[in-house]
2 protein chains.
Amino acid sequence: MSKPYVVGIDIGGTNTVFGIVDARGHVVAADSVKTKKHVDFDDYINDLHEGLSRLIKANDAEDQIQGIGIGAPNANYYTGEIINPPNLPWGPIIPLAEKVSKAFGGIPVAITNDANAAAVGEMTYGAARGMKDFIMITLGTGVGSGIVINGQLVYGSDGFAGELGHVIMKRNNGRVCGCGRTGCLEAYCSATGVARTAREFLEIRNEPSLLRNLDIEDITSKDVYDAAMAGDRLAKDIFTFTGTILGEAFADMVAFSSPQAIVLFGGLAKSGELLLKPLKETFEKSVMPVFAGKTKILISELKESDAAVLGASALGWEARYRYEAPRAEKIDEVAE
Amino acid sequence: MSKPYVVGIDIGGTNTVFGIVDARGHVVAADSVKTKKHVDFDDYINDLHEGLSRLIKANDAEDQIQGIGIGAPNANYYTGEIINPPNLPWGPIIPLAEKVSKAFGGIPVAITNDANAAAVGEMTYGAARGMKDFIMITLGTGVGSGIVINGQLVYGSDGFAGELGHVIMKRNNGRVCGCGRTGCLEAYCSATGVARTAREFLEIRNEPSLLRNLDIEDITSKDVYDAAMAGDRLAKDIFTFTGTILGEAFADMVAFSSPQAIVLFGGLAKSGELLLKPLKETFEKSVMPVFAGKTKILISELKESDAAVLGASALGWEARYRYEAPRAEKIDEVAE
């Protein structure tokens with residue numbers, strides 16, 4: 001039998017990256033199409049179909065694709081739909097699994113949100129290999145999470161479980177969050193949150209800082225990182241502030257599911273000890289005594305460029321959604 | 001074949017209640033022994049064995065017991081041990097499953113903590129029948145929880161998951177909690193927490209209240225309930241305060257596992273609208289928009305006297321721990 005493959009697709013607001021992945025987690029080949037430029041969803045699907053078909057053909061893999069796994073913001077594993085995505089233009093409900101399965105002649109398709117896909121990738125190929133209980137926290141523009149319990153992703157009753165970026169960390173005078181509420185973890189510990197902290201600290205504190213050389217409205221978490229690495233006290237304090245809140249949040253997460261590890265992924269996770277030192281110190285100080293010393297705080301072992309595609313592809317092996325062409329359509333196809 | 005039964009045992013600090021339960025969840029017969037009076041664990045096991053054997057014999061069920069399920073504070077499902085129980089005198093590590101299985105000739109035994117047992121009871125026979133995703137919150141002397149995801153109890157990596165009474169609700173100037181930290185949900189929303197709130201309110205507020213007729217140190221949550229039912233403003237405010245914190249906590253729990261329902265159990269859960277109204281109002285106001293209107297807040301449908309035994313007994317059907325007598329001991333038994 002020829003070698004089996006799966007396809008992983010990572011749909012971001014700007015680009016859609018896809019790859020052919022073998023059973024050992026090697027990305028055999030990858031390519032991408034622009035997400036943003038397609039105002040019409042069917043145009044986007046056509047473009048994706050064309051690009052992916054070309055890649056499959058170029059790798060002589062036409063008969064070897066077992067399934068397609070897709071990671072996308074607000075994707076619902078149960079329904080196969082994307083619901084109210086903030087950064088995609090195709091309407092409130094997008095029947096993603098159906099359209100992709102249909103485009104590829106009924107191949108099984110599974111979709112989930114990007115943080116869940118990253119968790120599956122980490123469990124299958126990364127820092128959480130062999131773990132049955134862990135939590136993936138993605139520190140990007142927002143804060144996302146994928147929760148694994150008993151070796152299974154937690155989808156909850158509606159497919160939307162695992163919104164740990166939106167537990168409340170400040171119940172009074174909390175920052176406004178993109179979700180419409182105030183005080184969410186994401187408002188403090190995302191890349192955007194770090195930039196907001198920088199603006200706050202620069203306003204309420206008087207000490208000199210390298211960050212004062214920048215236009216305050218344009219400061220990014222990367223600027224804060226660079227300043228901290230250059231020894232800037234205020235920039236270091238911003239990371240301490242961020243790590244402290246994450247450590248407190250993690251202590252509550254452990255009270256819920258007592259995971260073996262919490263794995264950090266995404267841009268901010270690469271800040272090293274600047275973030276990890278205050279995070280771990282606060283976590284160990286905050287966690288309930290019965291859990292002390294049990295939960296590891298780990299950094300993702302997957303290359304960021306690969307992780308999303310790998311994680312999504314891992315879902316492909318067990319994908320069950322399969323588009324069934326109506327009878328008339330099938331006859332048409334035969335007639336062609 | 002004769003009718004199969006299981007035994008459910010609920011170990012409390014004062015009493016140990018046990019019952020014979022049939023496959024439909026009827027408690028066929030029940031009895032109890034004192035927990036407290038046994039300083040020695042083996043004496044306690046002997047007494048329990050004697051009492052339970054008598055009950056089994058009186059019901060002609062000697063050959064029909066399929067397994068024994070036990071709910072006990074700090075019981076670990078994985079190891080079969082009770083670890084550091086605050087209200088039991090038998091040492092830091094108590095090999096409960098082994099001792100009970102041994103006493104009953106190697107019958108399968110499963111143990112879990114009391115809140116988990118209540119969750120299994122509710123799922124099998126109560127308000128959570130047919131649900132695969134729900135959270136049980138027990139509002140008693142403390143606040144306990146049993147979390148069900150995908151139809152399974154969440155035990156976590158170490159068997160101690162589900163300590164939702166110990167998520168932090170006040171990060172600054174929080175009340176000291178029995179766990180050694182400050183600001184835990186339990187410090188506010190347990191029966192003890194309600195009594196603490198009463199003492200605080202009576203000290204910082206000046207208005208008249210029926211509660212001022214009582215010795216402030218002896219006030220219980222029941223006193224607060226009675227005063228509130230008699231129309232006492234301050235007592236009603238205590239329930240509003242308590243329900244508000246629960247509602248905020250539940251919103252965070254939903255962000256984790258998106259359950260179909262949160263089921264309330266225990267003394268305080270019987271406070272009716274006094275507690276439920278502020279709880280539900282705050283919950284709906286606090287929950288992330290994507291989850292709005294999805295999660296039901298329910299009251300346990302099990303009689304408190306039955307629930308613990310029923311829940312524990314449900315574990316008995318799938319109990320796997322089985323004491324294997326060493327060979328020499330087996331020969332001795334035959335020799336007897």
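The model is predicted: local features need pLDDT of at least 70, side-chain atom pairs count only at pLDDT 80 or more, and totals for chains, interfaces and linings use all residues. Residues are numbered from 1 along each chain as its sequence is written, chains are lettered from A and ligands numbered from 1 in the order in which they are written, and side-chain values use heavy atoms, without hydrogens and water.

Next, the interface. Contact (heavy atoms within 4.5 Å) involves 39 residues of chain B and 39 residues of chain A. The two chains bury about 3,300 Å² between them, 57% of it on carbon and sulfur atoms. Buried area here is the accessible area (1.4 Å probe) that two parts lose on being put together, summed over both. In chain B, R171(B), F256(B) and M288(B) lose the most area to chain A, together 23% of what that side buries.

Polar terms come next. Between chain B and chain A, 20 residue pairs are in polar contact, both residues at pLDDT 80 or more. A polar contact is a pair of N or O atoms within 3.5 Å; within protein, one must be able to donate a hydrogen and the other to accept it, and residues adjacent in sequence count only if both atoms are side-chain atoms. Helix 7 of chain B gives the most to the side of chain B that touches chain A, with six residues. Helices (H or I, at least four residues) and strands (E, at least two) are DSSP runs, numbered from the N terminus.

One joins D252(A) and R171(B) at 2.8 Å, N to O. Another joins K294(A) and D158(B) at 2.6 Å. K294(A) sits in the loop between helix 8 (273–286) and strand 12 (296–299) of chain A, and D158(B) in the loop between strand 10 and helix 4 (186–189) of chain B. K294(A) is partly exposed at 34% relative accessibility, while D158(B) is buried at 13%. The cut-offs are under 20% relative accessible area for buried, over 50% for exposed, and partly exposed in between (1.4 Å probe, protein chains only).

Over all chains the count is 26 salt bridges. In chain A, R205(A), E207(A), R233(A) and D237(A) are linked in a network. R205(A) and E207(A) have their closest N and O atoms 2.7 Å apart.

Finally, the rings. The whole structure holds 19 aromatic pairs. Rings of Phe, Tyr and Trp (its six-membered ring) pair if their centres lie within 6.5 Å; planes under 30 degrees apart count as stacked, over 60 as edge-to-face, the rest as tilted. F41(A) and W90(A) have ring centres 5.1 Å apart and planes at 50°, so the pair is tilted. Both residues, F41(A) and W90(A), are buried. With Y44(A), F41(A) and W90(A) form one aromatic cluster.

Note on methods
A salt bridge is a side-chain nitrogen of Lys or Arg within 4 Å of a carboxyl oxygen of Asp or Glu.
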